[in-house]
Amino acid sequence: MVKRQRSYICENQKSVKPGLHSPIVIGNIGGAGYYKGTHVLLDAISMLERNDFILKVFGKYDQAYIKVAMKGKEKLPIEFLGPYKYEDLPDILSQIDFMALPSICNDTAPQTIFESYSAKIPIIASDIGGFSDFIKNNVNGFLFKPADAAELADKICLFLDNPAKILNFSSNI
């Protein structure tokens, strides 16, 4: 028998954030690791050459992996905020303007999509697995070629250069 998993946030989300943060907050939830594509996201962030944003990474991670992935990127606006409980998701999601989910492995229905969309947070994600079943490119988020840090950086800039697009995409969720 398969136990049904539920999303705390999908069942309990009650508010929609009124506007954007200053600076813009890029979020990443669900843990950091190789298959989650964290190194791709960090490489993309290092290509941006700007400081009008902050990346907040929520979830458990392997310190050795992050140490290697962060080499030469220590001065970038990146915070690793560690593990969280499902009850913390409403507060976490209220801190995020858009989500970056650079997975490099197939996942048919990533939970992070449902959690993000329950809070009306647009997503930039790898065009792999089930992401494209939920993300309508250039409508409620962006898709990019898996493991392509340069393309991810370009998609991030589309939001940073035009923050109104974040709000527009949010209204399409």
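Trainee: Which residue in β2 does Val25 stand opposite?

Mentor: Val25 stands opposite Ile54 in β2. The model is predicted: local features need pLDDT of at least 70 and side-chain atom pairs count only at pLDDT 80 or more, while totals for chains, interfaces and linings use all residues. Residues are numbered from 1 along each chain as its sequence is written, and side-chain values use heavy atoms, with hydrogens and water left out.

Trainee: What makes β1 and β2 paired strands?

Mentor: A strand is a DSSP run of E with at least two residues, a helix is a DSSP run of H or I with at least four, and both are numbered from the N terminus. Two strands pair if DSSP finds at least two bridges between them.

Trainee: Which helix does the chain pass through from β1 to β2, and what makes a crossover right-handed?

Mentor: The chain passes through helix α2 (residues 38–47), and this β-α-β crossover is right-handed. The name applies if, with the strands pointing away from the viewer, the path from the first strand over the helix to the second runs clockwise.

Trainee: Why are β3 and β6 called edge strands?

Mentor: The open sheet has six strands in the order β3-β2-β1-β4-β5-β6, with parallel pairing. Both β3 (78–82) and β6 (141–144) pair on one side only, and this makes them the edge strands.

Trainee: Why does Phe98 count as buried, while Phe114 is called partly exposed?

Mentor: Buried means under 20% relative accessible area, exposed over 50%, and partly exposed in between (1.4 Å probe, protein chains only). Phe98 has 0% relative accessibility, so Phe98 is buried. Phe114 has 29%, so Phe114 falls into the partly exposed class. Phe134, with 27%, is partly exposed as well, whereas Phe159, at 0%, is buried.

Trainee: How many aromatic pairs are found, and why is the pair of Phe98 and Phe159 called tilted?

Mentor: A search of the whole structure finds seven. Rings of Phe, Tyr and Trp (its six-membered ring) pair if their centres lie within 6.5 Å; planes under 30 degrees apart count as stacked, over 60 as edge-to-face and the rest as tilted. Phe98 and Phe159 are 4.7 Å apart centre to centre, with 50° between the planes, so they are a pair, and a tilted one. Phe98 lies in strand β4 and Phe159 in helix α7, so the pair ties together parts that are 61 residues apart in sequence.

Trainee: What makes the pair of Phe114 and Phe134 edge-to-face?

Mentor: The ring centres of Phe114 and Phe134 are 5.0 Å apart and the planes stand at 80°, so the edge-to-face class applies. Phe114 is in helix α5 and Phe134 in helix α6 (residues 131–134), 20 residues apart, and the pair links distant parts of the chain.

Trainee: What makes a set of residues a nonpolar core, and which members of the largest one touch the most other members?

Mentor: A nonpolar core is a set of buried Ala, Val, Leu, Ile, Met, Phe, Trp, Tyr and Cys residues joined through side-chain atoms within 4.5 Å. The largest nonpolar core has 32 residues, of which Ile45, Phe98 and Ile156 touch the most other members. Helix α7 (residues 149–161) gives the largest share of this core, seven residues. Another core lies apart from it and has 18 residues, including Leu101 and Tyr117.

Trainee: Why does Ser116 count as buried?

Mentor: Its relative accessibility is 0%, so Ser116 belongs to the buried class. Ser116 is located in helix α5 (residues 111–118). Leaving aside residues up to four places away in sequence, Ser116 touches Ile29, Met99, Ile121 and Ile123.

How values were computed: Contact means heavy atoms within 4.5 Å.
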